[in-house]
Amino acid sequence: MPEVRCPMCSAPNPETADVCGECGARLKPLVAGGDLGLPHEEAGAPGPPPGVEDGEEDWLARIRSQALTSGGEEPTEEESGESPAPDWLGRLREADSGYEEGPPEGVLPEWMDEFIAAGDESEAAAAEDEGLEQAEQVPEWLARIRAKQAMQKAAIPEEEDWLERLRHEGEAEIPAAEEPPSEIEAMPPSEALEEPLPEPEAEEAVQEGLAAEAEPETLPAESPFFAEDLDALTEEMPLPEVQEEGPEAPPLAPEDLEGEALPHVPALVPEDQSEVPLVEIGESDLEGVELPDWLEDLRAEIPVSAEEPEEEVESPDLAPATLPSWLEAMRPTDAFRPEIEIEREEEQPVESAGPLAGLRGVLMAEPVVAKPRMATAAAAQLEVTERQYAQAELLQRLVDYEQQEMAPSEGPAMRIPFVRWAISLVMLVAVLIPFSFERMGMRGYPLPASISPDLAPLIQRIGDQPVDRPALVVFDYTPGYTGELSSVAGAVVGQLTQRGYPIATLSTRPTGPPLAERMFAEAAAAGAQVSHLGYLAGGPTAVQLFSIAPRDAVLSGFHLPREGEEKDPWAIEGLRQVQRLSDFGLVVVITAGTETARTWAEQTHPWIGDTPLIMVLSAGAEPLVRPYFEAADRRVDGILTGLPSAVSYRQLSGQPQLAASQWNAFGTGMLAAQLILLAGGAYGFISWLIRRAQG
Amino acid sequence: MRLGSYLLWAAVATAVGILVLLGYFVQLDAIPAEGWLQSIFQLRLLLMRWAVLLAGVALFVGLINLLAVHWSKVSEQARGWGYSAVFLLAFLATLILGLIFGPDSAAVLLFFNYIQMPVETTLSALLAITLALAGFRLLARRPDLISAIFIGTAFLVLLGSGPGLIPSGGMLDSFFGGLRNWLAQVSAAGGARGILLGVALGSIMTGLRVLLALDRPYGDE
Amino acid sequence: MPGPTLDFIGTIIAALLTIMVLSYLIGDNAFFRLASYLFVGVASGYAGAIAWHNVIRPVLVDPLIRFGPSGLLTREGVGTLLIPWILSLLMLLKLSPRTTRFGGLPVALVVGVGAAVVVGGGITGTLLPQALAAGEALGPETMIPAAGEPIASWAERLISGLVLFLATLSTLMYFRFGARREATGRVHRSRFTQGMAYVGRIFIALTFGVMYAGAMTASILILAERVQFLRHAVIGWMGG
């Protein structure tokens, strides 16, 4: 069987179908003046849509009959075929006094003639089948109005719209309702308005009739044609004012538009009006309107259920755009409304100026154009959700917390350094005990038996120098190392003074001259020639300058003899012929730092010539100075380091030894240090084993 | 002005440095007693004398700055200003007495002998306990091969450096004494030589960067 | 030499200061800080005094007193007096932030001379001789036994030379941080360099161990001397 594609949803349909089985759209276009596809008994005419029984074709008659039944009258064929005097149209005309717009000019359909006749005679004309069929046809403009109202009502979940139900429900359709007569399009608006409005009683009957008939016959789910027509009706003509039950509302006079009669558009309503009631045209609105029979039948077919949930408009295929919450919150709430809420007809003011004067439900020109809008502060108000409020509060709390003064935190828990105390006690006791050796009857440590092979050449070198050339002794160590170096260097100094060398002392440190003075105090007191050249500033530069021109580097001395007028440090006998470093017979540098030793080793060459450079070092500085001594091209000619070497030196040079207490204290201190290192190594090794065992 | 002074200082440093550096590669005996070479040599000496003098003035500048820091601390009564007051008292007393009577005067030497020397010597004495404590904890905190070699070497050198665990005069003393000498004079000396070469290379590179104005510690202003 | 009374008082003060410093073993305390600040004050003041008397006064003040202001303008005076005065005054301008830029000339002079001294001393005093000495460790004197020399002695000398050479080379390689970049982008040293660097690390640990033992030895001697001083001071004080 050949198939026809629906123009709306592209669903295949039988060729003979008039409407699409899927979406309800018309498959065959309507022809003006031609058959509208309404169910009738004419031969050759297309059959009624599926679900519509032949007996139900006369739906308009049924609506009328039901209306009469609800009014206490038995519906008769004649009466059912007769439509009551529709004075709703007349009411429309009365209410909208200036209303001129109506169905388009042109040939009026026959059913409209009936209405007109009924309105004039205030009697319902006998309805014949053809008249019924024609009467069943809803005016296009009215259908559009109703449809638009239904759409608007669909957004409001409180009330149901019977017309909306008509559009969205069921499978059964009311063909008559779908297909407004083409004559309506040509119908002049004025003629349409001449139709009397239906009486409220008849309207009630229509509503009940529509509700009763709603079950078997329902409109297709989507009736684009119907909706389309309704929309077209709505666009062309404003909604007629639907009056409630009761006395008819007098037409609005122009004086009513003055003063507080502000435009019905809520966006233009002042702020004091917090709520603007939405305009809904529900069943209650229709109570005061006398609907035609065909409209009553429509309503009867739709089950009325006040509590029926509002059916949602099927959303289009496209997903609506969703704004993020923060952007949504920025939408002004009062100053602008996305939807214009239309008030009910009776509440809508009447336009008094312009070409739309006399009409209701139109945008008021004067208030929009002429009267300035007051800027509302509501534009600045934001919509804040609960979540956003909670977040803002949290942020504020964080900021306040930062600004709070923190209570002074308690310091770390006091840890008692047991290990440090124990080691300190061990070391102090170790160096203190030897002073009690005599009292305890203990012998001290014997003097070192092994002598370093470097000592003998050193002693020889010093001993071989001619005594007429002075010896320069450099005191480049801090007072902190006095305890060690005074003992170690004392051996060399002792030999120098023993041999009678003229001695000049020098230092590149500010504390050197007083240390030199202490070291040679006894010798000087004993008559030795000692001249303290003092302090030489500049580090390596001073050593280089002194090496080249000692007299230019040292202009004044230290602790020079006050007697006499000669305060020249170079004035002593042995120093008068000294012009450069090589004029010294011996240079002894006493230092605890490797940097100073390296400076003297680097800077004195080649100005030192054959003069030996002897280093008296602290024990810790020896490794970094020894390479200068053990090179073929030596920069250091001798090294003396450590107390054991000094003791051996004294032994070999025949000098008096150190105090035994000092040697014993040194010995016990070394013993304590060795034991501590041994214990620490064992402790570390055991800890490592335990950790390894634990994995 | 800024660009000019920067270039001027860089030129001074470079010129002076090159002149002084050349003296290291010229034999003193080869310098005649007269002539332009001697003049250059004398100029080199003059520059070094100026440098020595300016080093002393720089020491004074540093001391004045130190005085200003503690003075402001006392005047503002900042935290620990009491200690700064003690510093100021000691500093001014020693300096004034030293400027007036000389650093070799008895009064000033009292300060040196009875305050500076005992405190500085005792600070060095604390080093013995600190080093012992560090040696005790090292293997427990860093149980690796390098730490073990470090502590082991130190222990062996201590054993051979004097009286202690090993009594003097015995075979053990001789053995550990020889071992100590070998460790200090051979293996440690080799490592020390490498360290000295590295330090020398670093010092030379740093000095050359200054001479070539790549580093400008005298400021860019 | 100070009198007995002064010496006695000085000894008591020195002993007290020694105990105050030793109290650091218990923990950081006010006595230790007091002694430290006192020490720094005296040391700074003494340094200033000796710098003035030994360096500045003999160069700037004494000649000016001796020769007068006219001495500034003589040929010798320009180089030995006038220019040093100008340079010294420019150096003093370093004290103020507003005038510090005028002190650039003397600082540049000091820096230039100092850099040249370090470079010259490093090359002639350390680099060349130590490089030669490192090579001499495996020289003919080491490799070839002397006539009549016992094998053991020669072996010991040879082993010592090898160890010395290996220690020097591996320590230098430990400080060499040059590396290659592979095609994968990974940067690493060659295996030989890594191995030698590890050996160098061992020799460095060995060297530092010897230095540590030496420092320990020195400090033990100093501690012994301090305790001995305290003992004498207490005995002398108690003995009157």
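This is a predicted model: local features need pLDDT of at least 70, side-chain atom pairs count only at pLDDT 80 or more; totals for chains, interfaces and linings use all residues.
The buried residues of H22(A) are A:Gly512, A:Pro513, A:Pro514, A:Leu515, A:Ala516 and A:Met519. That makes six buried residues out of the eight in this helix (residues 512-519), so H22(A) is largely enclosed by the rest of the structure.

What do the buried residues of H22(A) pack against? Within chain A, they meet strand S3 (471-476), H21, strand S4 (503-507) and strand S5 (530-535). Other chains join in too: helix H4 (106-141) of chain B and helix H2 (30-67) of chain C also pack against these buried residues.

The strands take us to the sheet. Six of them, all in chain A, form an open sheet in the order S5-S4-S3-S6-S7-S8, with parallel pairing. At the edges sit S5 and strand S8 (638-641) of chain A, each pairing on one side only. On average, neighbouring strands of this sheet are turned by 20 degrees against each other, direction ignored. As background, strands of a sheet pair through backbone hydrogen bonds, either parallel or antiparallel.

Now look at S6(A), residues 586-591, where six of six residues are buried. A:Leu586, A:Val588 and A:Ile590 point one way from the strand, while A:Val587, A:Val589 and A:Thr591 point the other way. S6(A) runs parallel to S3(A), joined by six bridges, and A:Leu586 is the bridge partner of A:Ala471. Five bridges join S6(A) to S7(A) (residues 613-617), again in parallel; here A:Ile590 stands opposite A:Val616.

Over at S4(A) and S5(A), four bridges hold to the parallel pattern, with A:Thr505 opposite A:His532 in S5(A). Our opening helix, H22(A), lies across S3, S4 and S5 of chain A and runs at about 165 degrees to S5(A). H27(A) packs on the sheet as well, touching S7 and S8 of chain A, and its direction makes about 160 degrees with that of S8(A).

Finally, step out to the neighbouring chain. There, 57 residues of chain A are in contact with 53 residues of chain B. Several chain A helices each supply at least two residues to the side that touches chain B, among them H21 (482-499), H27 (622-629) and H29 (660-694). H29(A) gives the largest share, 17 residues. By type, this side of chain A divides into 34 nonpolar, 18 polar and five charged residues.

Technical notes: Residues are numbered from 1 along each chain as its sequence is written. Chains are lettered from A and ligands numbered from 1 in the order in which they are written. Two residues are in contact if their C-beta atoms, placed from the backbone, lie within 7 Å. Ala, Val, Leu, Ile, Met, Phe, Trp, Tyr, Cys and Pro count as nonpolar, Asp, Glu, Lys and Arg as charged, and the others, Gly among them, as polar. A residue is buried if 20 or more other C-beta atoms lie within 10 Å of its own, exposed if 12 or fewer, and partly exposed in between; C-beta atoms are placed from the backbone. Two strands pair if DSSP finds at least two bridges between them. Axes are lines fitted to C-alpha atoms, for helices over the stretch in contact, and angles run from 0 to 180 degrees between N-to-C directions.
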